[in-house]
Amino acid sequence: MHPNGTNGGLISLESLVEKPRKSVNIEELRKKLSEGRGPQFWRTLEEAAESDELKEYVEQEFPGLSGQIPQGVDRRSLLKVMAASLAMAGAAACTKQPKEQIVPYVRQPENLIPGVPLFYATAMTTGGYARGLLVESHLNRPTKVEGNPDHPASLGATTIFEQASVLNVYDPDRSENVLNEGRLSTWGEFTGKFSTEAQELAMRKGEGLAILSGPMTSPTFLDQMSSLATQFPASKWYVFDPTVNPAVASAAKKIAGRNAFISYDLSKADVIVSLEADFMHVGPAALKYARQFARKRAVDNGQTPTRLYAIESAPSVSGSLADHRFPVKSSAVPGLAYQLAKACGVNAPTSGSAPEWVNVVAQDLQKNKGKCVVIPGEWQPESVHLAAYAINTALGNIGQTVSVLEGVEPDNTHSLNELVNDLNSGHVETLVILGQNPVYTAPASMNFQQAMRKARMVVRLGQFFDETSRWSHWHVPEAHYLETWSDARAFDGTITIQQPLIEPIYGGKSAHEVMTILLGKPDQNSHEVVKGYWQQRQQNSPTFDTFWQTALHDGWIANSTVGTIKGNPVALPALEQQGISGLEVVFRPDPTILDGTYSNNGWLQECPKPQSKMTWDNVVAISAKAAGQLKVDKGDMLRVTVNGKSIVGPTWVLPGHAEDSITVYFGYGREGSGRVGNKIGYNAYAIQDASTPYAASGSLQKTGEQYRIANIQETQTMAGREPVREAELADFREHPDFPTRFEKPLPPSESLYKDVKWPYNGYKWGMTIDLNVCIGCHACIIACQAENNIAVVGKDQVARGRHMHWIRVDRYYSGDLDNPEMYNQPIPCMQCENAPCEVVCPVAATVHSNEGLNQMVYNRCVGTRYCSNNCPYKVRRFNFYLYSDWNTESLYGARNPDVTVRSRGVMEKCSYCVQRIQEAKISAEKETRTVRDGEIKTACQQVCPTEAIVFGDLNDKNSKVAKSQQLPRKYGLLDDLNTRPRTQYLGYVRNSNEALRGQRGNREA
Amino acid sequence: MATEKLELPAELIPDPGPNRILSPGHTYESVSDRIGGVVLLPLTKAPKKWLVGAFISFIFVNLLMLCMYVLFTKGIGIWGVNIPIGWGFAIVNFVWWIGIGHAGTLISAILFLLKQDWRTSINRFSEAMTLFAVACAGMFPILHLGRPWLAYWLFPYPNSMWLWPQPRSPLEWDVFAVSTYGTVSLVFWYIGLVPDLATMRDISPHMWQRKLYAILSLGWRGSAIHWHRYQKAYLLLAGLATPLVLSVHTIVSFDFAISIIPGWHTTIFPPYFVAGAIYSGFAMVLTLIIPMRAWYNMRDLVTMRHIDSAAKLMLGTGLIVAYGYSMEAFFSWYAGDKYESFMYWNRMTGPYGFTYAMLIACNIAIPQLLWIRKVRQNILAVWILSLIINVGMWLERFVIVVTSLHRDFLPSSWGMYIPTKWDWGTYAGTLGFFLFLMFLFVRMLPAISIFEVREVVHHEAHERQELAEAR
Amino acid sequence: MRIAASAGVVSAPMAQLFRPASNTIAKVSLAAVVLLAGSTLAVAYIMDRGHWTTSVQSAPEQPIMFSHKHHVKDDGIDCRYCHTGVETSHFAGLPPTETCMTCHSQIWNNVNITQPIRDSWASGKSIAWTRVHDLPDFVYFNHSIHINKGIGCSTCHGQVDEMPLMYKVNTLNMNWCVNCHRDPAKFIRPKSEVFNIDYQYPANQAELGPKLVKEYHVQSLTDCTTCHR
Amino acid sequence: MSQLELSPLSDIHGAMAEFDTPEELIAACERAYAEGFRKMDAYAPLPVEGLAEAIGYKRNKVAFCVLLGGIFGAVGGFGLLEWITVIAYPHNVGGRPLNSWPAYIPITFECMILIASLTAMISMFAMNGLPKPYHPVFNIPEFERASIDKFFLCIESRDPKFRPEDTLEFLRELGGREVTLVPA
């Protein structure tokens, strides 16, 4: 099923999009509907329901699909609804199967074979930057997202957000209708009103027209904006995204003298210093950095692995892998950056002596001139970015590990601050908000909602009828990126054409389409806009079609990358103050739902936060020391006050968090999200101050209330067992077999059974997980969830210990609580050859396959749960209730048709993505060959940015997995139980600096 | 002496004391009337305590129905079980009930083989107790399934899937053990009843009663040859039931011992599970029979002798159980296995430590009072002790099931188990169900084996004769 | 002076409670109970495999009285003309209305029986057929691999060309599947013959079968995950 | 007396006498047996040592049946499991061999006990000819005390030496009370 594998690779969607198709004409429909208003709407609908397209519209939640998806085939091949009822009946004795319908196409799209998935290349943007994707489509339903291996920002991997974005497509809470002051309206009506508005504006040269959007790199959109600028010279474009720190861009601009992007090449870096940079997890190039870091960190090929110093307040994903971590206040980082700069021979306006370790780090950097890199934190002020660049220059890293790339963002944009001022000063009459949700996400100090109401007409394009839409005059449903045409650029300029995989399910519109109205071409749809732009950009060259096809097929446009430009270190400005004295409150987007964009996404809500492993909430993270002083523990409510305003959130004691510093997370405490995201957690924006947006001084009190936090890993110490085994680089060189060195050999097994050897002659599937490079980003968890139709169970059930993730990433701490060692350990099913779970199943619902898979047969399971009790790794998950959502029809679309949707009362667990194994085997068999190494990728393996997971056939001596299991670093989890797990681990090797030994807790303890 | 009218003897009949299993002066006829009379007593004359008790337990039966309804409609999630603690109250109660069942078979089979005359007037009662306890126990393995409506998959039957049960699983052994145990106990109980049913047939005042008992007694007429075969069959059943009763709890203990979970994977389980079963069984016998003999004024039939012997047996089995605990603790230290030793340390000092403390108190410390003769002679004391032991044995199962599971191998997957109101409801429900059946039983069938008491009368007559001759 | 007497219910001393015949009745009724239990199980067993449960041999009602007999036997249309996916997909595929119209826009284009086709074509609404060969949704069957390994259509679907209305000839029960998966040699045929409905297994299937199995590298997969995922 | 002459032998089941204690009954039986009576039966409300022997009962086949039942159960049980796991649907369960015989012992044992016990019950009742709600002896009103406190000896008319008058007389000699003929 891998794109390069068997299923015909990629093809463009055009044939599907452009072919004549009888589907519900939503326009007509909406006109009909718009006669009825508000409450009467439904009644009108029912009355009107005799007309055919109305019937369809009412019957199926998503009219867009009606022409394309033959329902019957769905029922059979994608919904798996019957699984429930049949399972109930046992599917065994005396069950008469209910009659099912099967519905063929009227006109079958060419190049579509029902039952064979297709892959389309597109891209998703985060903070404006693109990440190339390949999206799996079953009968024109996107079901699974994979990274595009050829795309520089993806390299085949993705983050949790790309994975989970599929679920957003089918989110039943997305807004379906154009609303005018809360009343049902239509796109037609809106186009009319908005065009007239546009004409008036045009007369005033666009005086009073304000566009607010997130960061944009889309060439088409930029083109639209420039033509807007010509037609409406007086209009202004404001850019705001709470997950993006403008300082990064502005610093780069200062360095390069123009819009620029500072990019790092970690494949050459022997030493990395992170100034509170979560470079492997956040930012447009994160996945690339993660991949490079992982490759450079490999220890088995004899190279010196890279060494990472992390200077940060709250432990970050990247920081958890650091060889040395220095917990300092976020606001102290600039000062330390300057100290470091000074120590590296940069003229930095700083006084006072640096802590000892700064000099040690500096020496290490000096030792590795040209082979090191200092990465400034994405939330740090300009000064840090300038300092970092200065240090890199001083160390001769520019051109080696650091390069300045031409910027791809526009530079004629303004900030949210300016917008608020313009609104308050009455300069803005018409405000068009594209996507962003400032009423919720703007710092409270701006009081954006009050300001916004000063505008005469506010148009909001948004996927949800959320906080901002509620205060807007017009709300237009926004199309998901998998529903519409657009384009976007990666950090290095690579352009991807975003193609839709499905008609807008809820009739959403794209930013392009809203813009066309302003630009006076209201009838253009985004396909025309985008294709049109590219045609004229290619000067309608005859080869355009081939260009277009290739672009769509590959998922990126050849040689569209930007060049490197020269940057000059800027004299470092004096720091206004040396960090915040007293308690510092650090503001961060939530690790799994960001600024709130994903708060209605169940997968991400239930995805454990990388550090704490808690779900469904945002917490106030404090250091162990602080907790001790305040006498609070997990779940004690804390009141956080920042100049006058305060919020109340539950304590989370985060080992390794800087003292006198607490971290609060955005994205929660929402009203305008949906059934999933509303009314959970606190709203950190409420105490955010525009002047000190990411770190402010504040105070902390214990309220005395208690709060129940749902976290999926209660105990985070190894309790004397050694699930994770590690060694210093030196020790590793001495004893490469350190993980198993002190293991007693198993006693000779004395069994009544004669020593049975099951021959695994054919394929012998196995997996290796390299703990040395796992950064604990949890992408595998969400990828697995998407691939295997894993249900979301909700906070209460998680708190009861009933989460359903097939693969989990265990977090262990060792050493000193204030700055512990941190380990990530992904745990899928071990597929033990002597599986304890199988022996105790009374109905043979879990037995071994000839390829050594520990099979779980849902439809045979009666649910004794003995297998789970007897599983030493506790990787089995049980459907205590009917967790899979059988009712919300829109969610059916997100399901993977190749995996049974489990019903109530059955056990489930990781299957090594057996559906992928079977597909690959079948297609191999058809060509009468064996499956090639790498042909099968498990979901977790495919998504992993650091390639920590390897899967394959152990009988194939040349397979990557077979080789990796030959490594001396290999060890089996709980090997002493003689379960003979097929999943094996590679020990963790720490490349710490002699001079700083013990700086980070004493591992020996 | 025979009762003139259908009433319980008005005056309080004294207990003949710890040396006699029957008050003097009983004749074949008097025992028939005294025991049969209880059953033939019209409802209006039934002791008020019986009415109240039956009614209360009936309320709990309905509670059980409610719990089952919610369970089947909503799912197993209404209970406190989770991952890692996949088994909770359901299995705790299952083992507890099965254990209680053991006393019946023990008394009727093993004591029969050992020719313990004091078993006579309590064996019928405790056999009934066995049946009802097994009925309660048998419920749980089905209720605790994720898909209880598929429970029949655990039986080997030819199906269109060509699939069969997986007989390496101790749960599959359970299926056979428990169903066999239930069946054999029923057979044993019924065979014992037949002659008494004949008696009931012949002393019943109403024609319909006579007919009913006649049918149930299969037309038993006490032929000498019938008696001969009857006794042979009974002896053989006793011989079969004895290893059965041992095997059943052994197999139940395998549910744990076969697994690899520290705290479960223990070779000592079978013997001390069996001992524990008998321990709790006798506790339950006493808990029930002490009030019953008072209400029905049967101190002359169920005497201090019975209670004293039962108490001694509890003391004995209790000591075996104590030995079991200490061995467990010893091995967890001696084996030097880090998981084992942690498990035991956690069992004693972990979050569930208090249950362990209570368990030791109820099962080992307090019952030592039974060494004292005075305590054994004090009805109330014995009764309270029996209650305590019942609680203790339930705690033992809770400790074994929960504290072993909640912290096993990987710290990352440790968890806690908090029983929900539905857990408690179901448990209380089965208690009600059990008691309700007992109440019905003493109403409808002779709760004491009449013909065996006749044998006692016969023997005592002999002894008196021999004494006379000796003089 | 016994309970009965004292209760004064039975005045006359008790005589027989039952008539002599009751002995026979008693024994017969015992036998009856045993028989009843047995026969119930037997019935369940038969029902489980019976046509009512498996709906073998019963042709469900269809929106169009479509005759495979006519199209396959009389007109000689190949299976793959309509079931296009059968060699490439797990799903054999159902012909889109388009396929029907290729002919029925020309012939039989005004008779009632083909009206639904034209309606569908006009309205763009699919024709909703009733599934005849319908597996439970936790079973993953792949047509293409069977076709590619020499399992003929008629092996499972029977003499479709003799079916005026489509019906199942096999139960599609698990034991039926496993039967072949354990020993494909009994049912395999040369690839060239896969679409030959009238194919008769040769006398020497005993030798031919194993030979083909070897040649086509057919594995007899009885692992659960072969069909259940 | 008079109606006795009228009634032909076929209408008579036998002659019955009532005794107060088991000892009397045994004595009577032994006398009757010595007298040459063979077709007779004694009835008691409790099992009486040696009573059956006294009326000449020897072989008790219950034990043998139970033995057969036990063997059948054990063999059948073990056979079933072997067939299930080795022949019917062989699975690789946790790397254990197909024939994991030690794991089959518990079920085998239970099957043995189950079948044996059922045989014990069934054979016992079958040989005793139960259920038999109707029996001529119930014709005698006093006989209801056979299940309470009285002991009966019944010499049946099937016995070649049975002569109504003489037999009744003989029973009276034995000290039986309420000696009567039992109508068939």
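Predicted model: local features only at pLDDT ≥ 70, side-chain atom pairs only at ≥ 80, totals over all residues.

Analyst: Side chains of opposite charge can pair when their charged atoms come close. Around this pair, the contact involves 51 residues of chain C and 56 residues of chain A. The size of an interface is often given as the accessible area lost when the parts come together. For chain C and chain A the buried area is about 4800 Å², and carbon and sulfur atoms give 55% of it. On the side of chain C, the residues that lose the most area to chain A are Asp137(C), Phe138(C) and Arg229(C), which together make up 18% of what that side buries.

Chain A also meets chain B. Here 60 residues from chain A and 57 residues from chain B take part in the contact. The two chains bury about 4700 Å² between them, with 57% of it on carbon and sulfur atoms. Three arginines, Arg721(A), Arg860(A) and Arg904(A), supply 17% of the area that chain A buries against chain B, more than any other three residues. The count of salt bridges between chain A and chain B is 1. It joins Lys874(A) to Asp408(B), and the closest N and O atoms of the pair are 2.7 Å apart.

Salt bridges also occur inside chain A. Over all chains the count comes to 68. One within chain A pairs the side chains of Asp173(A) and Arg675(A), at 2.8 Å from N to O. This pair links distant parts of the chain, since the two residues are 502 residues apart. Asp173(A) sits in the loop between helix 7 (160–169) and strand 5 (178–180), while Arg675(A) sits in the loop between strand 25 (661–665) and strand 26 (695–706).

Next come the helices. Helix 8 (residues 187–203) of chain A packs against helix 19 (residues 511–518) of chain A at an angle of about 45 degrees, and their axes are 8 Å apart. That angle makes helix 8 of chain A oblique to helix 19 of chain A. Helix 8 brings Trp187(A), Phe190(A), Thr191(A), Phe194(A), Ser195(A) and Ala198(A) to the contact, and helix 19 brings Glu513(A), Val514(A), Ile517(A) and Leu518(A). By class, these are 7 nonpolar, 2 polar and 1 charged residues.

One open sheet has 4 strands in the order 12-11-10-13, with parallel pairing. Strand 12 (324–327) and strand 13 (372–376) stand at its edges with a single partner strand each, so one side of each has no neighbour in the sheet. From one strand to the next, the twist averages 10 degrees. Within this sheet, strand 10 (residues 271–275) and strand 11 (residues 307–312) run parallel and are joined by 5 bridges. Ile272(A) stands opposite Leu308(A) of strand 11.

Another open sheet of chain A has 4 strands in the order 36-29-38-37, and its pairing is mixed. Its edges are strand 36 (949–953) and strand 37 (970–971); each has a single partner strand, so one side of each is left without a neighbour in the sheet. Strand 37 and strand 38 (residues 983–986) run antiparallel, joined by 2 bridges. Across this pairing, Tyr971(A) stands opposite Tyr985(A) in strand 38.

Methods:
Residues numbered from 1 in each chain as written. Chains lettered and ligands numbered in written order. Heavy atoms only, no water. Pairing = 2+ DSSP bridges. Axes fitted to C-alpha atoms, helices over the stretch in contact; angles between N-to-C directions. Parallel < 35°, antiparallel > 145°, perpendicular 65-115°, else oblique. Contact = heavy atoms within 4.5 Å. Nonpolar A, V, L, I, M, F, W, Y, C, P; charged D, E, K, R; others polar. Buried area = accessible area lost by both parts, 1.4 Å probe. Salt bridge = Lys/Arg side-chain N within 4 Å of Asp/Glu carboxyl O.
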